[in-house]
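The sequence and the coordinates come first.

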Protein chains: 2
Amino acid sequence: MQIDATDRKILRELQQDAGRSLDDIARAVGSSKTPVWTRIRKLREAGIIGPQVVIADPDKLGFEACFFVLIRTSEHDSDWQQRFLNAVRARPEVMEAHRLAGDIDYILKVRVPNARAYDVFYQSLISEVKVHNVTALLSMEEIKATTALPV
Amino acid sequence: MQIDATDRKILRELQQDAGRSLDDIARAVGSSKTPVWTRIRKLREAGIIGPQVVIADPDKLGFEACFFVLIRTSEHDSDWQQRFLNAVRARPEVMEAHRLAGDIDYILKVRVPNARAYDVFYQSLISEVKVHNVTALLSMEEIKATTALPV
DNA sequence: TGTGAAACGTGCTAAGG
DNA sequence: CCTTAGCACGTTTCACA
């Protein structure tokens, strides 16, 4: 799918605030309801627009600790990889997980109520899948957090 | 603000899909429209529910490279810190930024079209603020990504 | 505090320029 | 491809149990 300048404007609006009315968005991008609606539908169908969600405040919900976990493994066979993948996907405290190029094999972002809860998570994870080396980086302050891509 | 089991159910629904109708959500949490609506409003007012957004697909929009950037600095005075903060906040390719405890001072998550675009970003950043040491981890695969806290 | 119904605004569809 | 117009649906409010 080919997207143009208007699509990008719409995307910017929706990434900023998906709660606004079609009329508002149409006005903001300099168009009107129907064409905007059609474009949104096409962007949805193309999978460019994914889920629509609310962002909850971690601190106010008691998730006051955020760790970035750097993982090195010695086992690189596909069976191990699959088990690791399942383990990570199954744990709700893992907000994000990437397989990396180079020295470090995986990075996780983990949100938990406190350091103790992180340890519980950590013990549970390494008991389920063998990992060679783990480093946890503790976040002191979230300087910036956005879901909006710079389209 | 004190939140109960029903609030948590509502939060789960909204974190999953904020596009559903009140009726649907009410049915899902075993209540009815008005009380659910009141609760959502209160959660909004309390700031527990933040912005409502759409999640766009990075790959389909040409953001095919994702880097985690580990930064060490030698300068820890508040002036430097403020300049770094501004620099990071101003750059839209920085999706996330945390100040860390320990050895490494900052971690950034950066989304760009390709490695070349990352280099442009990197050069531009270090020309604006002095940093002692930078390590970039390149993501090969996003194993998991969620905005939903396990409430 | 939850229920039901009424009033309002939007999303969505369809027809015409 | 955009504009205008209309219907159906969802949200929001309010009176009452």
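## Basis

This is a predicted model, in which local features need pLDDT of at least 70, side-chain atom pairs count only at pLDDT 80 or more, and totals for chains, interfaces and linings use all residues. Residues are numbered from 1 along each chain as its sequence is written, chains are lettered from A and ligands numbered from 1 in the order in which they are written, and side-chain values use heavy atoms, with hydrogens and water left out.

## Helix α2 of chain A

Helices and strands are DSSP runs numbered from the N terminus (helices: H or I, at least four residues; strands: E, at least two). Helix α2 of chain A spans residues 22-29, and its buried residues are I25(A), A26(A) and V29(A). Here buried means under 20% relative accessible area, exposed means over 50%, and partly exposed lies in between (1.4 Å probe, protein chains only). Seen down the axis of α2(A), the buried residues fall within an arc of 100 degrees, so they line one face of the helix. The arc is that of the directions from the helix axis to the C-beta atoms. In general, an α-helix has 3.6 residues a turn, so residues three or four places apart point the same way.

The buried residues of α2(A) pack against α1 (5-16) and α3 (33-45) of chain A; contact means heavy atoms within 4.5 Å. After α2(A) comes G30(A), whose phi is positive, near 75 degrees.

A residue is near a strand if one of its heavy atoms lies within 4 Å of it. Around DNA strand C are R20(A), S21(A), L22(A), K33(A), T34(A), W37(A), S32(B), T34(B) and P35(B). Of the atoms of DNA strand C that come within 4 Å of the protein, sugar and phosphate account for 60%. The residues of this surface divide into three nonpolar, four polar and two charged. In this division Ala, Val, Leu, Ile, Met, Phe, Trp, Tyr, Cys and Pro count as nonpolar, Asp, Glu, Lys and Arg as charged, and the others, Gly among them, as polar. α3 of chain A and α3 of chain B each supply at least two residues of the surface near DNA strand C, and α3(A) gives the most, with three residues.

DNA strand D has around it S32(A), T34(A), P35(A), R39(A), R20(B), S21(B), L22(B), K33(B), T34(B) and W37(B). Sugar and phosphate make up 55% of the atoms of DNA strand D that come within 4 Å of the protein. Three nonpolar, four polar and three charged residues form the surface near DNA strand D. At least two residues of that surface come from each of α3 of chain A and α3 (33-45) of chain B.

| Protein atom | DNA atom | Distance |
|---|---|---|
| Polar side-chain atom of K33(A) | Base nitrogen of DNA strand C | 3.2 Å |
| Polar side-chain atom of S32(B) | Phosphate oxygen of DNA strand C | 2.5 Å |
| Backbone N or O atom of L22(B) | Phosphate oxygen of DNA strand D | 2.8 Å |
| Polar side-chain atom of W37(B) | Phosphate oxygen of DNA strand D | 2.6 Å |

## Chain A against chain B

The area buried between chain A and chain B is about 5800 Å², and carbon and sulfur atoms give 64% of it. In chain A, V54(A), I143(A) and K144(A) lose the most area to chain B, together 14% of what that side buries. Buried area is the accessible area (1.4 Å probe) that two parts lose on being put together, summed over both. The contact takes 61 residues from chain A and 61 residues from chain B.

E96(B) lies in strand β3 (residues 94-100) of chain B and counts as buried, at 8% relative accessibility. Its side chain makes a polar contact of 2.4 Å with the side chain of K109(A). Not counting residues up to four places away in sequence, E96(B) touches F68(A), E96(A), K109(A), K144(A), A145(A), I107(B), L108(B) and K109(B).

S139(B) is in strand β5 (residues 133-145) of chain B and is buried at 11% relative accessibility. The side chains of S139(B) and H98(A) make a polar contact of 2.8 Å. Apart from neighbours within four places in sequence, S139(B) is in contact with H98(A), R99(A), L100(A) and C66(B).

R83(B) sits in helix α4 (residues 78-90) of chain B and is partly exposed, with a relative accessible area of 37%. Neighbours within four places in sequence aside, R83(B) is in contact with E128(B) and V129(B). R83(B) and E128(B) are 45 residues apart along the chain, and their C-alpha atoms are separated by 8.4 Å.

Technical notes:
Polar contact = N/O pair within 3.5 Å; in protein donor to acceptor, adjacent residues only side chain to side chain.
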